[in-house]
Amino acid sequence: MYAVLALVVGIVAGLFLQPTVPDWFAPYLPIAVIAALDAVFGGLRAKLDHIFDAKVFVVSFVANVVVAAFIVFLGDQLGVGAQLSTAVVVVLGIRIFGNAAAIRRHVFKA
(Lines give C-alpha, C1' and ligand atoms only; values in the text may rest on other atoms or scores of the structure.)
Protein backbone atom coordinates (compact mmCIF):
# COMPACT_ATOMS: atom_id res chain seq x y z
CA MET A 1 0.00 0.00 0.00
CA TYR A 2 2.90 2.37 0.76
CA ALA A 3 4.34 1.78 -2.70
CA VAL A 4 1.07 2.70 -4.43
CA LEU A 5 0.73 5.81 -2.27
CA ALA A 6 4.32 6.82 -3.02
CA LEU A 7 3.70 6.29 -6.74
CA VAL A 8 0.59 8.50 -6.68
CA VAL A 9 2.38 11.21 -4.67
CA GLY A 10 5.31 11.10 -7.10
CA ILE A 11 3.09 11.37 -10.17
CA VAL A 12 1.08 14.26 -8.68
CA ALA A 13 4.26 16.07 -7.61
CA GLY A 14 5.73 15.62 -11.08
CA LEU A 15 2.62 16.97 -12.76
CA PHE A 16 2.41 20.04 -10.54
CA LEU A 17 6.11 20.85 -10.11
CA GLN A 18 7.11 20.02 -13.71
CA PRO A 19 10.75 19.30 -12.91
CA THR A 20 13.40 19.75 -15.59
CA VAL A 21 16.36 17.51 -16.23
CA PRO A 22 19.76 19.26 -16.32
CA ASP A 23 21.54 18.96 -19.67
CA TRP A 24 24.50 17.10 -18.15
CA PHE A 25 22.14 14.43 -16.73
CA ALA A 26 20.01 13.92 -19.87
CA PRO A 27 22.11 11.06 -21.37
CA TYR A 28 21.92 9.08 -18.13
CA LEU A 29 18.20 9.37 -17.40
CA PRO A 30 16.91 6.89 -20.02
CA ILE A 31 19.52 4.35 -18.98
CA ALA A 32 18.65 4.83 -15.31
CA VAL A 33 14.95 4.32 -16.07
CA ILE A 34 15.65 1.10 -18.00
CA ALA A 35 17.90 -0.16 -15.18
CA ALA A 36 15.18 0.63 -12.65
CA LEU A 37 12.58 -1.19 -14.78
CA ASP A 38 14.87 -4.21 -14.84
CA ALA A 39 14.93 -4.24 -11.04
CA VAL A 40 11.16 -3.78 -10.83
CA PHE A 41 10.43 -6.64 -13.23
CA GLY A 42 12.97 -8.80 -11.38
CA GLY A 43 11.29 -7.96 -8.07
CA LEU A 44 7.86 -8.81 -9.46
CA ARG A 45 9.17 -12.11 -10.77
CA ALA A 46 10.75 -12.88 -7.39
CA LYS A 47 7.46 -12.07 -5.68
CA LEU A 48 5.63 -14.53 -7.94
CA ASP A 49 8.34 -17.14 -7.27
CA HIS A 50 7.86 -16.53 -3.51
CA ILE A 51 11.53 -15.59 -3.06
CA PHE A 52 11.15 -11.79 -2.82
CA ASP A 53 13.39 -10.02 -0.31
CA ALA A 54 12.98 -6.26 0.10
CA LYS A 55 16.65 -5.74 0.97
CA VAL A 56 17.77 -7.58 -2.16
CA PHE A 57 15.28 -5.57 -4.23
CA VAL A 58 16.50 -2.19 -2.94
CA VAL A 59 20.16 -3.11 -3.38
CA SER A 60 19.45 -4.45 -6.87
CA PHE A 61 17.49 -1.33 -7.79
CA VAL A 62 20.22 1.07 -6.67
CA ALA A 63 23.09 -1.06 -8.00
CA ASN A 64 21.46 -1.45 -11.43
CA VAL A 65 21.00 2.31 -11.78
CA VAL A 66 24.50 3.17 -10.54
CA VAL A 67 26.28 0.54 -12.66
CA ALA A 68 24.31 1.42 -15.81
CA ALA A 69 24.97 5.14 -15.32
CA PHE A 70 28.66 4.45 -14.67
CA ILE A 71 28.96 2.42 -17.88
CA VAL A 72 27.40 5.25 -19.88
CA PHE A 73 29.64 7.80 -18.12
CA LEU A 74 32.70 5.69 -18.89
CA GLY A 75 31.59 5.42 -22.50
CA ASP A 76 31.23 9.20 -22.69
CA GLN A 77 34.73 9.64 -21.30
CA LEU A 78 36.13 7.19 -23.88
CA GLY A 79 34.16 8.74 -26.73
CA VAL A 80 31.94 5.69 -27.28
CA GLY A 81 28.97 6.72 -25.13
CA ALA A 82 26.35 5.89 -27.75
CA GLN A 83 27.71 2.38 -28.28
CA LEU A 84 27.88 1.59 -24.58
CA SER A 85 24.41 3.08 -24.06
CA THR A 86 23.11 0.76 -26.75
CA ALA A 87 24.87 -2.19 -25.12
CA VAL A 88 23.33 -1.39 -21.73
CA VAL A 89 19.87 -1.05 -23.28
CA VAL A 90 20.24 -4.39 -25.11
CA VAL A 91 21.44 -6.29 -22.03
CA LEU A 92 18.82 -4.81 -19.72
CA GLY A 93 16.16 -5.24 -22.41
CA ILE A 94 16.96 -8.94 -22.64
CA ARG A 95 16.66 -9.23 -18.86
CA ILE A 96 13.39 -7.29 -18.81
CA PHE A 97 11.84 -9.45 -21.53
CA GLY A 98 13.06 -12.62 -19.78
CA ASN A 99 11.43 -11.52 -16.55
CA ALA A 100 8.29 -10.45 -18.41
CA ALA A 101 8.08 -13.91 -19.98
CA ALA A 102 8.44 -15.56 -16.57
CA ILE A 103 5.75 -13.27 -15.15
CA ARG A 104 3.46 -14.11 -18.07
CA ARG A 105 3.99 -17.83 -17.43
CA HIS A 106 3.09 -17.34 -13.76
CA VAL A 107 0.02 -15.24 -14.43
CA PHE A 108 -1.42 -17.09 -17.42
CA LYS A 109 0.06 -20.54 -16.69
CA ALA A 110 1.32 -20.60 -20.27
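In the predicted model, helix H2 passes helix H4 in a left-handed crossing. The axes of H2 and H4 cross at roughly 25° and come within 9 Å. Because angles under 35 degrees count as roughly parallel, H2 and H4 are therefore roughly parallel to each other. The contact of H2 with H4 comprises 15 nonpolar, five polar and three charged residues.

The packing of helix H3 (residues 54-78) on helix H4 (residues 81-108) was examined next; the angle is about 155°, with the axes 7 Å apart. Since an angle over 145 degrees counts as roughly antiparallel, H3 is roughly antiparallel to H4. The crossing of H3 past H4 is right-handed. On the H3 side, the contact is made by Asn-64, Ala-68, Ile-71, Val-72, Gly-75 and Asp-76. H4 contributes Gly-81, Leu-84, Ser-85, Val-88, Leu-92 and Arg-95. By class, the residues of this contact of H3 with H4 are six nonpolar, four polar and two charged.

The largest nonpolar core has seven residues in all: Tyr-28, Ile-31, Ala-35, Ala-68, Val-72, Val-88 and Leu-92. At least two residues of this core come from each of H2 (29-48), H3 and H4. Ala-68 and Val-72 of H3, together with Val-88 and Leu-92 of H4, also take part in the contact between H3 and H4. Within the core, Ala-35 was considered individually. With residues up to four places away in sequence not counted, Ala-35 touches Asn-64, Val-65, Ala-68 and Leu-92.

A further position of interest was Asn-99, which lies in helix H4. Asn-99 has a relative accessibility of 10% and so counts as buried, the cut-off being under 20%. Apart from neighbours within four places in sequence, Asn-99 is in contact with Asp-38, Phe-41, Gly-42 and Arg-45.

For the chain as a whole, the secondary structure comes to four helices and zero strands. From the N terminus on, the elements run α-α-α-α. The C-alpha trace spans about 45 × 35 × 25 Å along its principal axes. Of the 110 residues in the chain, 20% are buried. Among contacts with a separation of 6 or more, 73% are accounted for by residues 24 or more positions apart.

Definitions and conventions:
Residues numbered from 1 in each chain as written. Predicted model: local features only at pLDDT ≥ 70, side-chain atom pairs only at ≥ 80, totals over all residues. Heavy atoms only, no water. Axes fitted to C-alpha atoms, helices over the stretch in contact; angles between N-to-C directions. Parallel < 35°, antiparallel > 145°, perpendicular 65-115°, else oblique. Left-handed = near helix turned anticlockwise from the far one by under 90°. Contact = heavy atoms within 4.5 Å. Nonpolar A, V, L, I, M, F, W, Y, C, P; charged D, E, K, R; others polar. Core = buried A, V, L, I, M, F, W, Y, C linked by side-chain atoms within 4.5 Å. Buried < 20%, exposed > 50% of the residue type's maximum accessible area, 1.4 Å probe, protein only.
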